[in-house]
Amino acid sequence: LTLAQDGTTLTGQMVSERGTLEITDGRVSGKSVSWTVVMPMGGQSVTITFQGQVEGERNERMTGSAALGPMGSATFTAEKRP
């Protein structure tokens with residue numbers, strides 16, 4: 001996951017076994033972040049919506065959840081690379 005912030009807008013890409021996915025609808029509000037990716041699956045597309053909170057003294061960690069459409073939900077943790 002690569003993220004970039006410009007004011008309240010969040011952009012970037014997510015690399016998975018399904019390829020490189022562009023982040024859309026990325027938003028930052030204080031320590032809250034959200035974004036969406038559209039992942040191809042079996043000839044269809046699944047929209048995954050992420051919501052998280054930035055943590056740490058230098059905003060080096062993020063935790064949150066992902067709504068996986070018909071596949072339910074999952075949690076995630078991310079850390080900045082030094």
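Ser 16 has Gly 19 as its bridge partner in β3, and a hairpin of 2 residues joins β2 to β3. This is a predicted model, where local features need pLDDT of at least 70, side-chain atom pairs count only at pLDDT 80 or more, and totals for chains, interfaces and linings use all residues. Residues are numbered from 1 along each chain as its sequence is written, and side-chain values use heavy atoms, with hydrogens and water left out. Here is a friendly tour of a few spots to look at.

- Strand β2 (residues 9-16) pairs with strand β3 (residues 19-22) in the antiparallel sense, over 4 bridges.
- Strands here are DSSP runs of E with at least two residues, numbered from the N terminus, and two of them pair if DSSP finds at least two bridges between them.

- Thr 36 sits in strand β5 (residues 32-41).
- With a relative accessible area of 11%, Thr 36 is buried (under 20% relative accessible area, using a 1.4 Å probe and protein chains only).
- Beyond its neighbours within four places in sequence, Thr 36 is in contact with Glu 22, Ile 23, Thr 24, Asp 25, Thr 47, Ile 48 and Thr 49 (contact means heavy atoms within 4.5 Å).

**Aromatic pairs**
- The count comes to 3 aromatic pairs, where rings of Phe, Tyr and Trp (its six-membered ring) pair if their centres lie within 6.5 Å; planes under 30 degrees apart count as stacked, over 60 as edge-to-face and the rest as tilted.
- The Phe 50 and Phe 76 rings have centres 5.7 Å apart and planes at 75 degrees, so this pair is edge-to-face.
- Because Phe 50 lies in strand β6 (residues 44-55) and Phe 76 in strand β8 (residues 73-79), the pair ties together parts that are 26 residues apart in sequence.
- Both Phe 50 and Phe 76 are buried, and together with Trp 35 they form one aromatic cluster.

**The largest pocket**
- The largest pocket has a volume of about 560 Å³. A pocket is an open set of points on a 1 Å grid where a 1.4 Å probe fits, with protein on both sides within 12 Å along at least five of seven lines; lining residues have an atom within 4 Å of a point.
- Of its 19 lining residues, Leu 3, Asn 59, Met 62, Glu 79 and Lys 80 are the closest to the centre of the largest pocket.
- At least two lining residues come from each of β1 (2-6), β5, β7 (61-67) and β8, and β1 gives the largest share, 3 residues.

Technical notes:
Buried < 20%, exposed > 50% of the residue type's maximum accessible area, 1.4 Å probe, protein only. Points joined across faces, edges and corners; volume = space filled by probe spheres on them.
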